[in-house]
Amino acid sequence: SPSHWQWQWQCSKSVKENQTMTANWKSRAETMLSQFIDGDGQVQDPYYYAQLENSSTPNPPPASCAYDSVYDRLLGCGCTDDSHSNIGFGGNGGPCVSLFLQWVKLVLGGAVKAYLSSPLCLALLPLAVGVAFGFWMGKRSEYASIDKGNSVRTQSKDRSWVDTFLGHSSQLYHWINLQLVLMLVFLDPRRCRKSDSSRSNIFQDERDEQTRAELKAIGSERESGVDPQCVPRHVAVIMDGNRRYGKAKYGNATRGHWDGSKTLIEFSKWCIAEGIQILTVYAFSTENWDRDPAEVTALMAIFCKYCDELRVEAVQRGIRIHVLATEEERIPEDVREGIDRMVSETRHCSEFTMNICLSYGGRGEIVNACKSVALDVQLGKLRLDQVDERELQKQMLTGHCCDPDIVIRTSGEERISNFLLWQIAYSEFFFLKKPWPELQKEDLLNVIRTFAIGRKRRYGK
């Protein structure tokens, strides 16, 4: 019937279209592989040849020899430029010897890497070789010492010194192997050698050891010459200029933050020596979260690293550490764990107090304090007429200490930057030109002398 022939014609047409499409895609795939192999990995758009519905698909480049194809070259056993070679490593008409050699190289390379990366293999392989060699030499000596008859007895006596020499040589070989094993185990050069990248790492063990040594060498002699009654009790510092210092000196802002953390330890030493009781430092503001994520990550890593360092030194020197944060939920979990441990283990210390403002903002602190007071009023713990400055002061993060006598800002900037807005109402300001990492003890001594002699605090009277 017409419908039957029409159905067969449609099926035949569909089969031909599928065959044509399969051939087109095969050609496209071969073309893409050829471009990848011969064109340094640059492959054209896979849909380039399908942009026009009725366009014909170009064929792949012709093979340069009988056994050359896209797939052979992809596997590494295609033809070489040497047209005179018929058999060999990828030669015309030859087997895929180059592929076999590549596999052998890969297997041997993996075995060598596995051997070099395992201290156990480094130790056992020379020992096994030495034992095998000693066993072979012992058997050889045993066979050589067997009496083979009266006719060769004299010859055996003449060779006895050779066997003795070989036996001693075998013992010496075993001793040398043992020494090599000990050297490989205990003096592994991979553990002793430092790469260039590790030398530039901001967390060098040498710096840590130097910092510990300097902290242990803290002196207690006062150098300012100021009456102890005139020494400021509470000093607050805005540690500014770390990034600019790092970029100018190292070409790396992170290195500046590292040096800044080291200066903080030095500054604490100077404060303890001069009789200052409280130090509050502005380490990281709530606005600093908007910086480059890489820099923020580096800063958090530095702080996490030195939580343990500060904790150990603080316990040894009686320093109690408080961490003041108005947006604590933004601090990474590992940093918070270090903070909690540092604060809890220095809770009993009373010689010196260090407040570290981390994820802190002065406006946020005032808002949080107001919320706490409002909640107390709502719960009936406090009457509205009882709300005054003292009640608000109790809700501040610095409620455990007095207000700062001095505020120091480094790097030449002369602004507060949302730091302790409530507490610094009557503080004396000192703006230093140096960036924070370049600060010296003499700079602090000059501030103390100026505060004791040149500043008169009248509190509005």
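This is a predicted model: local features need pLDDT of at least 70, side-chain atom pairs count only at pLDDT 80 or more; totals for chains, interfaces and linings use all residues.

Biologist: What angle do α11 and α12 make where they pack, and what separates their axes?

Modeller: Helix α11 covers residues 293–317 and helix α12 covers residues 333–345. Their axes lie 9 Å apart, and the packing angle is about 15 degrees.

Biologist: Is the crossing of α11 and α12 left-handed or right-handed, and how do the residues of their contact divide by class?

Modeller: Helix α11 passes α12 in a left-handed crossing. On the side of α11 the contact is made by M300, F303, C304, C307, D308, L310, R311 and V315, and on the side of α12 by D334, V335, G338, I339, R341, M342 and E345. By class, the residues of this contact divide into five charged, one polar and nine nonpolar.

Biologist: Why is α9 called oblique to α10, and which residues of α10 does α9 meet?

Modeller: The axes of α9 and α10 come within 6 Å and cross at roughly 120 degrees. Because the range for roughly perpendicular runs from 65 to 115 degrees and roughly antiparallel begins over 145, that angle makes α9 oblique to α10. The crossing is right-handed. In the contact, N242, R243, Y245, G246 and K247 of α9 meet, in α10, A253, G256, H257, D259 and G260.

Biologist: How many nonpolar, polar and charged residues does the contact of α10 with α15 have?

Modeller: The axes of α10 and helix α15, residues 441–453, come within 10 Å and cross at roughly 40 degrees, which makes α10 oblique to α15. This crossing is right-handed. The residues that meet are F267, W270, C271, A273 and E274 in α10 and K441, L444, L445 and I448 in α15. The contact has two charged, no polar and seven nonpolar residues.

Biologist: Turning to the open space, which residues lie nearest the centre of the largest pocket?

Modeller: The largest pocket holds about 780 Å³ of space. Its lining divides into 16 nonpolar, nine polar and eight charged residues. Of the 33 residues that line the largest pocket, those nearest its centre are M239, N242, Y282, A283 and N288.

Biologist: Which element gives the most to the lining of the largest pocket?

Modeller: The elements that give two or more residues to the lining of the largest pocket are α9 (242–249), α10 (253–274), β2 (278–285), α11 and β4 (352–360). With six residues, the element that gives the most to this lining is α11.

Terms used: Residues are numbered from 1 along each chain as its sequence is written. Side-chain values use heavy atoms; hydrogens and water are left out. Axes are lines fitted to C-alpha atoms, for helices over the stretch in contact, and angles run from 0 to 180 degrees between N-to-C directions. Helices (H or I, at least four residues) and strands (E, at least two) are DSSP runs, numbered from the N terminus. A crossing is left-handed if the near helix is turned anticlockwise from the far one by less than a right angle, and right-handed if clockwise. Contact means heavy atoms within 4.5 Å. Ala, Val, Leu, Ile, Met, Phe, Trp, Tyr, Cys and Pro count as nonpolar, Asp, Glu, Lys and Arg as charged, and the others, Gly among them, as polar. On a 1 Å grid over the protein atoms alone, a cavity is a set of points where a 1.4 Å probe fits but cannot get out, and a pocket is an open set with protein on both sides within 12 Å along at least five of seven lines; lining residues have an atom within 4 Å of a point. Grid points are joined across faces, edges and corners, and a volume is the space filled by probe spheres set on the points. Angles under 35 degrees count as roughly parallel, over 145 as roughly antiparallel, 65 to 115 as roughly perpendicular and the rest as oblique.
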